[in-house]
Protein chains: 2
Amino acid sequence: MCLITSNEDLINSLKKAKDNKMQTVGFVPTMGYLHDGHLSLIKKAKEENDIVVVSVFVNPTQFGPNEDFDRYPRDIERDYKIAKEAGADIVYNPEVEDIYPKGASTFAVVDGDITKKLCGASRPNHFKGVTTVVNILFNIVMPDRAYFGQKDAQQVIVIKKMVRDLHMKVDIVVCPIVREADGLAMSSRNVYLNQDERKQALVLNLALAEAQKKCKQGNTKVTDLKAFIKETIEAQPLAQIDYVEILDAQTLDEIKEIKKQALAAVAVKFGKTRLIDNVFIDS
Amino acid sequence: MCLITSNEDLINSLKKAKDNKMQTVGFVPTMGYLHDGHLSLIKKAKEENDIVVVSVFVNPTQFGPNEDFDRYPRDIERDYKIAKEAGADIVYNPEVEDIYPKGASTFAVVDGDITKKLCGASRPNHFKGVTTVVNILFNIVMPDRAYFGQKDAQQVIVIKKMVRDLHMKVDIVVCPIVREADGLAMSSRNVYLNQDERKQALVLNLALAEAQKKCKQGNTKVTDLKAFIKETIEAQPLAQIDYVEILDAQTLDEIKEIKKQALAAVAVKFGKTRLIDNVFIDS
């Protein structure tokens with residue numbers, strides 16, 4: 001197990017591992033400040049691969065100018081320890097200039113509605129930053145499988161599309177959302193929440209779970225379910241809704257009626273902290 | 001030696017070759033209708049690698065709406081024969097849908113001046129198409145080295161930048177322009193030229209070579225050299241200049257005086273046929 005900061009050392013380590021018959025590489029790209037959601041990805045990667053690489057890189061290109069890049073929580077020593085315990089073989093913690101060399105101006109861009117709705121609407125260059133950094137990290141690590149959390153549902157769909165469209169040779173493995181005991185979806189950003197915000201943020205999971213139940217009971221009209229989720233969230237005085245959407249779970253296309261698996265996804269601000277959550281629903 | 005049209009067959013063939021200790025893969029991406037310029041790339045690739053893949057794919061995304069995609073010359077049987085003689089192990093000739101699956105909308109884009117000047121100015125989406133297809137082909141073929149002709153000088157610079165920015169693991173090898181006996185740079189598009197156009201097109205090489213000589217003799221002012229090249233070309237009645245430029249050979253930045261290696265590049269239409277040519281010049 002080692003902490004690596006240079007691309008060259010990483011590539012040499014992986015080459016050495018391959019030479020030692022460590023055939024498959026599992027990769028968990030993260031922005032660090034690891035929580036149990038990340039750990040579930042690392043554990044899954046360890047089950048399925050000979051060697052597991054966890055990257056810790058707060059990627060500047062996926063943050064907007066007024067977002068939380070500077071204050072995003074960072075603690076590499078803690079991350080290293082936790083990742084090691086979960087089964088990581090290499091923690092890769094590059095500097096910004098290791099990923100984006102001076103003058104870099106090449107982007108991997110997924111065009112179309114898929115990156116313009118949901119989080120793409122309020123964070124216009126977010127997915128361009130995500131797909132670019134993931135493309136770069138895949139090129140450096142060359143994993144057989146890469147692990148992402150379902151919490152970032154749109155990210156998963158966009159990355160799968162990039163991999164398919166650009167014929168990248170990596171399997172994308174998606175792991176379920178991990179929640180706190182009280183139901184709040186795990187996020188590195190949860191540390192921003194004060195006590196009141198933390199309490200009111202529980203409404204996201206509650207509203208989504210209740211909508212899922214309603215749908216199972218036969219309420220399959222998307223406008224009704226969206227209205228229900230909105231009202232439930234708005235009953236919390238600190239909640240400011242960014243979006244509440246119910247879309248086709250595969251394509252993110254608009255739907256009116258839930259006939260096959262749909263994705264109910266929300267983004268809501270509590271104070272300065274923007275949280276996202278989602279659930280699959282079907283009838 | 002084999003002709004392969006499906007991605008799966010190509011990937012399996014390359015896997016088999018790797019298992020048989022054919023360690024290194026050299027790749028020559030082409031749009032087919034091979035000429036001696038392509039053959040010089042294939043021969044160079046054969047010298048430096050265990051296995052050589054030549055792709056023949058007329059890439060629709062790098063053509064503008066009023067360009068020559070439909071009439072671009074195609075002859076896969078001839079290409080297969082010629083590539084084989086030059087040392088290719090695999091000729092890969094995919095269909096458009098093999099490269100761009102239904103609904104594909106992901107692009108590898110090199111932003112900035114580098115793709116906006118020269119050919120980028122008159123062909124606005126050209127380089128977006130080039131970098132995307134090269135990115136895809138690299139992901140499918142996974143070559144150790146890829147071979148490009150200096151004739152497409154800007155393409156070489158843009159692809160090198162993409163490879164560097166996205167950390168792609170492939171060496172870009174650039175081979176010199178190959179010319180007809182009378183000096184015309186080899187191009188699949190030369191077949192479009194009628195007798196008069198073909199004769200007058202010789203002016204490109206003549207003007208560039210003369211400018212190179214002038215510079216060596218101490219005429220290092222870019223405006224003077226550009227004016228000379230323009231006048232020389234314009235003396236041919238069928239020539240319509242798209243651009244005449246002298247730029248830094250590494251960065252394509254504007255320069256006023258030739259102090260280190262510069263690139264003198266021209267694009268000129270003869271009838272409906274747009275030809276490009278270039279030469280390195282220094283003092």
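Predicted model: local features only at pLDDT ≥ 70, side-chain atom pairs only at ≥ 80, totals over all residues.

Let's start inside one chain.

## Where the domains of chain A touch

In chain A, 21 residues of domain 1 are in contact with 21 residues of domain 2. Put together, these two domains bury about 1,800 Å², with 56% of that on carbon and sulfur atoms. On the domain 1 side, Arg71(A), Lys117(A) and Leu118(A) lose the most area to domain 2, together 31% of what that side buries.

What about charged partners? There's one salt bridge between domain 1 and domain 2 of chain A. Asp68(A) and Arg189(A) form a salt bridge, with their closest N and O atoms 2.8 Å apart. The two domains of chain A also share ten residue pairs in polar contact, both residues being at pLDDT 80 or more. Helix H5 (119-122) and helix H7 (153-165) of chain A are the elements giving two or more residues to the domain 1 side. H7(A) gives the most, with three residues. Sorted by class, that side of domain 1 of chain A has nine nonpolar, six polar and six charged residues.

## Where chain B meets chain A

Now for the two chains. Each puts in its share: 31 residues from chain B and 31 residues from chain A make up the contact. Chain B and chain A bury about 2,400 Å² between them, 50% of it on carbon and sulfur atoms. In chain B, the residues losing the most area to chain A are Thr106(B), His167(B) and Lys169(B), together 26% of what that side buries.

Thr106(B) turns up again in a strand pairing: Val110(A) stands opposite Thr106(B) in S5(B). Strand S5 (residues 106-110) of chain A and S5(B) run antiparallel, joined by five bridges.

## Charges and helices at the chain interface

How many salt bridges cross the interface of chain B and chain A? The rule finds two. Lys128(B) and Asp111(A) meet in a salt bridge through their side chains, at 3.6 Å from N to O. The interface of chain B and chain A also has 24 residue pairs in polar contact, both at pLDDT 80 or more.

On the chain B side, the largest share, seven residues, comes from H6(B). That side of chain B divides into 15 nonpolar, eight polar and eight charged residues.

Methods
Residues numbered from 1 in each chain as written. Chains lettered and ligands numbered in written order. Heavy atoms only, no water. Contact = heavy atoms within 4.5 Å. Buried area = accessible area lost by both parts, 1.4 Å probe. Salt bridge = Lys/Arg side-chain N within 4 Å of Asp/Glu carboxyl O. Polar contact = N/O pair within 3.5 Å; in protein donor to acceptor, adjacent residues only side chain to side chain. Helix = DSSP H or I, 4+ residues; strand = E, 2+ residues; numbered from the N terminus. Nonpolar A, V, L, I, M, F, W, Y, C, P; charged D, E, K, R; others polar. Pairing = 2+ DSSP bridges.
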